[in-house]
Amino acid sequence: MFAYIVRRMLQSVIVLLVVGLVAFSMFRFVGDPIDNMLGQERTQADIDRLRAELGLDQPFPVQYYKFLKNAVQGNFGVSYRQGRPVSTIIAERAPATLELAFVSGFLAITMGIALGVFTAIRRQGIAANLIMTVSLIGVSLPTFLIGILLIYIFSVELDLLPSFGRGETVMIGNWSTGFLTASGLKALILPAITLGLYQMTLIMRLVRSEMLEVLRADYVRFARARGLSDRVINFRHALKNTMVPVITITGLQLGSIIAFAIITETVFQWPGVGLLFINAIQFVDIPVMAAYLMLISVMFVSINLIVDLLYYAIDPRLRVDARAT
Amino acid sequence: MSLLTINDLTVEFPTRRQLFTAVDHVDLSVEPGEIHGLVGESGAGKSTIGAAIMGLLDRPGRIASGTIKLSGDQISGLDADAMRGLRGKKISMIFQDPLTSLNPLFTVREQLTETIQAHLGGTDAEVNQRARDLIDRVGIPDPDTRLDQYPHQFSGGMRQRVVIALALCTEPDVIIADEPTTALDVSVQAQILDLIKELALERQVGVILITHDMGVIADTTDKVTVMYAGKVVETGPTSQVMGQPSHEYTKSLIAAVPRPTLKLHRFPQISYGGRETRFAIEDMARHWPKVDNDTSKPVFEIRNLTKKFLQRKGLLPWDRTYFTAVDDVSFDIRAGEVFGVVGESGSGKSTIARMIAGLYPVDGGTITFDGQVVSDLTNRAALDAYRKNIQMIFQDPYSSLNPRMRVDDIVAEPIRHHKLMEGSDVKRRVDELLDQVGLGHEAGMKYPHEFSGGQRQRISIARALATQPRFLICDEPTSALDVSIQAQILNILKDLQEHLGLTLLFISHDLPVVRQMCDRVAVMKQGKVVELQETNELFANPQTEYAGELLRLMPKLDDLSTDGLEAET
């Protein structure tokens with residue numbers, strides 16, 4: 001077990017090094033930062049001075065090493081546009097995105113699993129078929145359209161919920177939270193639904209098809225033949241077996257909730273890292289882009305690690321093999 | 001009064017086009033402590049009766065008429081809740097495949113205790129004690145440790161014991177065992193059947209044993225009911241039905257069972273219902289290239305063959321562990337003979353076949369074909385020339401044909417691959433082959449799923465013969481088939497050997513079949529050949545203890561009627 005975790009960690013480090021290389025190459029190949037920073041009236045002396053100051057005159061491996069060393073310490077340099085350290089900017093923006101991702105992820109998983117199980121058990125029912133039909137909309141409509149539709153209905157027509165921003169936030173230490181105020185919570189509803197709807201329908205359809213598969217398995221028939229109740233068969237025997245493949249997809253989907261919050265954040269003008277990233281692209285703010293890239297890859301790698309560990313917790317077949325190692 | 005009485009039971013499956021009657025006016029009764037065999041070919045309605053008793057008929061199946069009574073109380077037509085109370089408590093079931101009938105994510109203890117809890121209740125200590133007693137009773141050693149293990153930590157036979165423990169855990173009156181030993185090795189099969197016999201007697205449980213294996217019926221049951229196409233054709237005490245069958249179908253079914261003691265020239269086929277399919281061996285022989293089988297020289301010389309499988313991966317060589325599937329095996333296969341390989345599952349039979357076919361690389365030793373070493377061929381042309389002469393017939397006719405390819409494409413593929421013919425010649429050859437195996441060339445336009453298991457195995461044979469090979473590898477070619485179909489397929493293989501001069505490597509775990517088919521037999525155990533003998537010699541007096549043990553465990557069919565069978569002289 002321990003050896004397994006260590007091995008997975010090593011793999012994760014390799015992935016991060018590669019992503020780091022990509023992020024770092026952006027500095028070299030996406031325009032010259034000196035051009036961006038110094039403006040039109042510059043002398044060759046200015047350029048040379050800044051080049052030495054930023055360490056751009058050093059050989060490539062040395063620069064990469066320095067970049068990594070700084071990145072590990074959370075130092076991604078200074079934003080070209082805002083002139084402030086990137087790590088500070090991201091730390092300001094991250095809570096908004098993380099809270100949004102948490103709420104929509106939670107919604108997607110709980111609702112997705114519950115509806116998936118329901119539609120699998122009541123396969124022939126009217127309600128289940130209705131849900132399946134409606135879920136097609138969730139899968140096929142693009143996120144921005146859902147967002148705009150929701151804004152139109154709930155903000156413009158009904159005037160119930162705010163159409164943009166986070167509402168009031170409260171600072172707890174360095175963390176600005178919208179969970180503690182009424183307007184903060186209200187502001188969270190529409191973006192969370194927009195962001196989570198696709199994942200929810202995806203998880204639901206996945207759970208349903210896996211569950212239908214499991215319900216046909218011999219051990220479920222045998223459990224029926226032993227006279228166990230439907231509740232025990234559906235929720236104990238079938239659901240646990242359903243979870244094994246569902247966890248993989250769900251894990252990756254949670255990663256993309258955070259990574260692809262960009263569209264939702266743009267539609268709702270949500271002050272998170274996604275919006276920050278979009279603005280950074282517009283202004284070729286490379287340090288911010290590089291930091292964002294690293295942040296997302298760290299997140300994906302750690303989610304994958306957690307997923308692999310969850311496998312262990314659920315499936316005894318893996319556990320025993322590992323013990324033998 | 002009987003324990004279980006089935007009266008005039010009819011089960012129907014309404015389909016879009018017509019009503020399919022799976023069980024047709026069946027009467028059956030089971031006494032306490034009696035093992036009642038239910039035998040017939042697939043599709044005869046045996047399992048449907050089991051499902052009807054359990055109240056677990058798959059939709060849209062329904063009981064159209066008749067009653068099922070348990071100790072005098074009617075149980076057919078009860079509502080779902082009442083039925084659930086009976087299931088497990090009064091009637092239990094044992095399924096065919098012990099590998100899939102236990103939930104892989106729960107320990108044996110969890111699965112036992114939840115069932116006991118659901119029906120009997122009681123304190124945790126009582127329930128656990130009961131679970132332990134049961135595991136002990138079904139003969140699983142070290143119950144305290146085993147209880148907390150997961151199903152995958154048990155072997156097939158041990159898992160079937162767990163399944164039996166689960167079926168027994170609430171003291172049922174009736175147990176329905178649906179092909180309980182079909183997926184198990186002969187030696188394990190004998191143990192499981194003994195256990196069922198013992199338990200039935202000890203607990204006075206009525207057992208309905210559903211099987212297609214006449215050997216199991218003859219050895220285990222007290223009474224037997226023979227079914228054909230949903231109807232009961234004959235019922236009575238086992239010794240009477242097996243010894244003096246009165247119905248034509250029963251007679252031909254019994255005649256089709258391969259005998260361990262009697263060597264016949266051909267397998268008797270079931271004539272009932274007029275289903276014999278022609279196999280045009282003469283046509284085929286006319287076009288077949290003349291083979292001169294020099295019987296003094298071996299076709300295959302296999303020397304010190306070894307195959308290891310990686311059991312645990314590791315970056316460093318000393319981190320890896322290997323499982324030796326085939327361990328230093330040497331033998332010759334003579335031209336024109338049928339060479340049998342027998343052994344329990346995991347003994348390395350199929351691995352040898354795959355190495356000969358070139359599907360697995362060889363880890364040690366050599367395979368020599370016609371004086372040429374073929375185990376280390378890398379030259380594409382030489383490899384193709386070798387492979388053209390070697391064809392394989394697989395065990396499972398369902399998964400060995402690509403479901404998305406038409407039958408004529410399946411059969412034509414080897415011809416096209418080896419560029420033996422071109423254009424319309426290919427089509428003509430394929431049509432010929434399909435005609436010759438008795439399917440008719442119209443079959444070429446269809447897809448594999450439109451055929452039954454036996455017909456699919458004929459397609460496999462047509463495909464294997466497409467390159468006009470000299471050597472056929474048959475890996476358990478009939479173990480997925482009914483007795484009657486098995487006889488047809490085995491007769492075809494015998495014809496191929498006799499009329500076309502093919503050499504066969506025949507792999508099987510079914511000793512009576514091996515006795516009929518093979519000239520010489522190698523007995524394998526844990527990757528090694530423990531005995532290699534002429535077939536008659538091996539069956540008459542085995543030299544090693546292991547071979548003797550295998551023969552002893554083989555179902556004895558002495559009681560079976562031998563009407564119409566004449567031993568080969």
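How far apart do the C-alpha centres of domain 1 of chain B and domain 2 of chain B lie? The views below are taken from a predicted model, and the first of them takes up this question.

**View 1. The two assigned domains of chain B and the contact between them.** According to the domain assignment, chain B holds domain 1, covering residues 4–255, and domain 2, which is made of residues 334–360 together with residues 381–553. The C-alpha centres of these two domains of chain B are 34 Å apart. Nine residues from domain 1 of chain B and eight residues from domain 2 of chain B take part in the contact. On the side of domain 1 of chain B that touches domain 2 of chain B, helix α7 of chain B (residues 186–203) gives the most, with three residues, and the residues of this side of domain 1 are divided by class into four nonpolar, three polar and two charged.

**View 2. The open sheet of six strands in chain B.** The strands of this sheet follow the order β16-β17-β18-β13-β19-β20 in chain B, and their pairing is mixed. At the edges of the sheet stand β16 (390–393) and β20 (528–534) of chain B, and because each of them has a single partner strand, one side of each is left without a neighbour in the sheet. From one strand to the next, the twist averages 20 degrees. Within the sheet, β13 (residues 338–342) and β19 (residues 520–525) of chain B run parallel and are joined by four bridges, with B:Gly340 standing opposite B:Val521 of β19(B).

**View 3. Strand β9 of chain B and its two partners.** Six of the six residues of β9 (residues 223–228) of chain B are buried, so this strand is largely enclosed by the rest of the structure. B:Lys223, B:Thr225 and B:Met227 point one way from β9(B), whereas B:Val224, B:Val226 and B:Tyr228 point the other way, and all of them are buried. Strand β3 of chain B (residues 35–39) runs parallel to β9(B) and is joined to it by four bridges, while β10 of chain B (residues 231–237) runs antiparallel to β9(B) and is joined to it by six bridges. B:Val224 can be followed to both partners, being the bridge partner of B:Gly37 and standing opposite B:Gly236 in β10(B). Two residues lie between β9(B) and β10(B) in the hairpin that they form, and B:Ala229 in the turn has a positive phi of about 50 degrees.

View 4. B:Met554 is found in the segment that comes after α20 (545–553) of chain B. This residue, B:Met554, has 20 other C-beta atoms within 10 Å and is therefore buried. Although B:Met554 and B:Pro260 are 294 residues apart along the chain, their C-alpha atoms are separated by 8.3 Å. When neighbours within four places in sequence are left aside, B:Met554 is in contact with B:Val186, B:Pro260, B:Leu511 and B:Pro512.

**View 5. The side of chain B that touches chain A.** In this view, 26 residues of chain B are in contact with 20 residues of chain A. Three elements of chain B, α2 (80–86), β6 (91–94) and α3 (108–119), each supply at least two residues of the side that touches chain A, and α3(B) gives the most to this side, with four residues. By class, the side of chain B that touches chain A consists of ten nonpolar, ten polar and six charged residues.

Definitions and conventions:
Residues are numbered from 1 along each chain as its sequence is written. Chains are lettered from A and ligands numbered from 1 in the order in which they are written. This is a predicted model: local features need pLDDT of at least 70, side-chain atom pairs count only at pLDDT 80 or more; totals for chains, interfaces and linings use all residues. Two strands pair if DSSP finds at least two bridges between them. Axes are lines fitted to C-alpha atoms, for helices over the stretch in contact, and angles run from 0 to 180 degrees between N-to-C directions. A residue is buried if 20 or more other C-beta atoms lie within 10 Å of its own, exposed if 12 or fewer, and partly exposed in between; C-beta atoms are placed from the backbone. Two residues are in contact if their C-beta atoms, placed from the backbone, lie within 7 Å. Domain bounds come from an automatic or database domain assignment. Ala, Val, Leu, Ile, Met, Phe, Trp, Tyr, Cys and Pro count as nonpolar, Asp, Glu, Lys and Arg as charged, and the others, Gly among them, as polar.
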